[in-house]
Amino acid sequence: MISNLEYRINFIVDALIQPCITTVVEIVLWMAIFRGAGTDMIGGFTREYYLAYALWATFVARISTSWLYEFRMIEEVEQGTINSLLVRPLSFYEYYLSQMLGYKFVTTIFSLWIPIVVGIYLDLPVHLDRLPIIFLLIGYYLFLVHSMSFLISTFAFYLNKVNYFTSTKNLALWLLTGELFPIDLMPEAWRDFVLSLPFVSGVYLPIGYLTGRIGFGVFIQGFQTVTLGLIIVNVMGYLLWAQGLKKYSGTGA
Amino acid sequence: MGAPIILKSFWTETKKNFSLLVGLFKASFISDLEFRFNFATRIITDIFWYLAQVVTFEVLFLHTPIIGHWNINQTRVFLGVLFIIDALYMTFLADNLDKFSEKVRRGELDLLLMKPVNSQFMVSFQRVATASLGNLIIALMWMTYALYQLPDLHPLRIFWLIVLIPVGFSTLYVVRFCFSVVSLIFVRGENIQFIWFQLYKLGMRPDSIYFPWLRYIVLTILPVGLIASVPARAILDPPNWPLFLWAFASVPIFIWFSNRFWKYCLSKYNSASS
């Protein structure tokens, strides 16, 4: 937490400026969509439901996406500088998990007021009493996010320029989490498929539940799919890491 | 007497930079061939980006006939313009400007500053991502498809499109460059780079969706609206001469500004390797 506060400009940008800009962009887009549609309702929900979704989705997506720490993990493996971490009592996985969770915690606390204030100001339909349980799912999903980062960083034992995997994965998640638009707007066959994946726990399920788009029954399925995702990703990550360490030669750092 | 000398020196400088760019392209291509797998991964990454943009609008248009003042066919053309300019950006600039802060941190910038060429040119174009030329082909294919869907395509408007795409590319360069070189002042400013991506998002949507005050901002002070919206307007809407004039005039103004800003940031730079 202290190390995050060291770089204050970075922190202010991440915790305050970025969410404000993203909020404006998304809200303006949805307002334009409703203006163009010339209707009060799309897919059975009013404009306010979409504004509430856009507002909170952009906020939550920033928490449930990992760029910086994943790049750092890849860099460590790629450049052979994980020696110092290997001799610590904490594993590479745990070290970066603690770093990432600490950072997410601090930025969340500092920027949480933005969607709350904007939501109240615009009188959007948000069940603020559901915040604790949606943060529980988001927190749980973060373990999956980190496990995916760990898995991708293990590719660096075998390949170069693994950064592209991070970009590809995060771009795919852009769609699959529901950050770009609510999953229920997709054609039915696509929607059912995407809902069966764990990634919807990153944005759509928590925000759908928070804004009243989905019920508790659908929301709670997120814990099951994330658990399944965690098992699959961690088994793959463990195997690749163990194999990779055999090939690894440190730089003496 | 002064004007011809200035023109001659501008021409000599341009010729020199162009031949240097050709040399850098060749060197980058040879280096890229060493890692052929990266060719594929890079193109696949960008295909996902294209898909995200296309799917977003295709899904939204399932529920509304118009966004801003364009229908789905017109929005596809807008996306085509965006993809072409983005492919040019990914080819010539992304590897240099996206990793600029890393170069500063590692002290690699000092080596570039010592070279006997224009330093702004060198930091902007040193590395050409030849793999991204594949993206340009994909973008052109999408654009052809999108134009084919338009019921009343006027050939003269294609001329305007071709002329305005370099304008959009130059604008993208200037804004991205200014965000990158801020790293000379804030050495560990990764998140400042993320602001760029948020602002770029404003340019990834047709400017007609914005409120008048926001549209004014994205066409002037933070000119991300000039990147794709203005070239797309050239082909989709009746000519807006004042806007086109501003788009052309803005290029030398913004490039001059970026050069001043570069020099200012350099004056604040403390070499990382010293």
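What percentage of the 274 residues of chain B count as buried? The share is 37%, where buried means that 20 or more other C-beta atoms, placed from the backbone, lie within 10 Å of the residue's own.

The model is predicted: local features need pLDDT of at least 70, side-chain atom pairs count only at pLDDT 80 or more, and totals for chains, interfaces and linings use all residues. Residues are numbered from 1 along each chain as its sequence is written, and chains are lettered from A and ligands numbered from 1 in the order in which they are written.

Chain B has 13 helices and 0 strands, taken as DSSP runs numbered from the N terminus (helices H or I, at least four residues; strands E, at least two). Its radius of gyration, over C-alpha atoms, is close to the value from the globule rule (2.2 Å times the number of residues to the power 0.38), so chain B is as compact as a globular protein of that length.

| Quantity for chain B | Value |
|---|---|
| Radius of gyration | 20 Å |
| Box of C-alpha atoms along the principal axes | roughly 60 × 55 × 35 Å |

Between the chains, 33 residues of chain A are in contact with 36 residues of chain B, contact meaning C-beta atoms within 7 Å. Helix 2 (8-37) and helix 9 (163-176) of chain A each supply at least two residues of the side touching chain B; helix 2 gives the most, with 15 residues.

Within chain B, B:V81 touches B:I165, B:A228, B:P231 and B:A232, not counting residues up to four places away in sequence.

Conventions: Contact = placed C-beta atoms within 7 Å. Buried ≥ 20, exposed ≤ 12 C-beta atoms within 10 Å, placed from the backbone.
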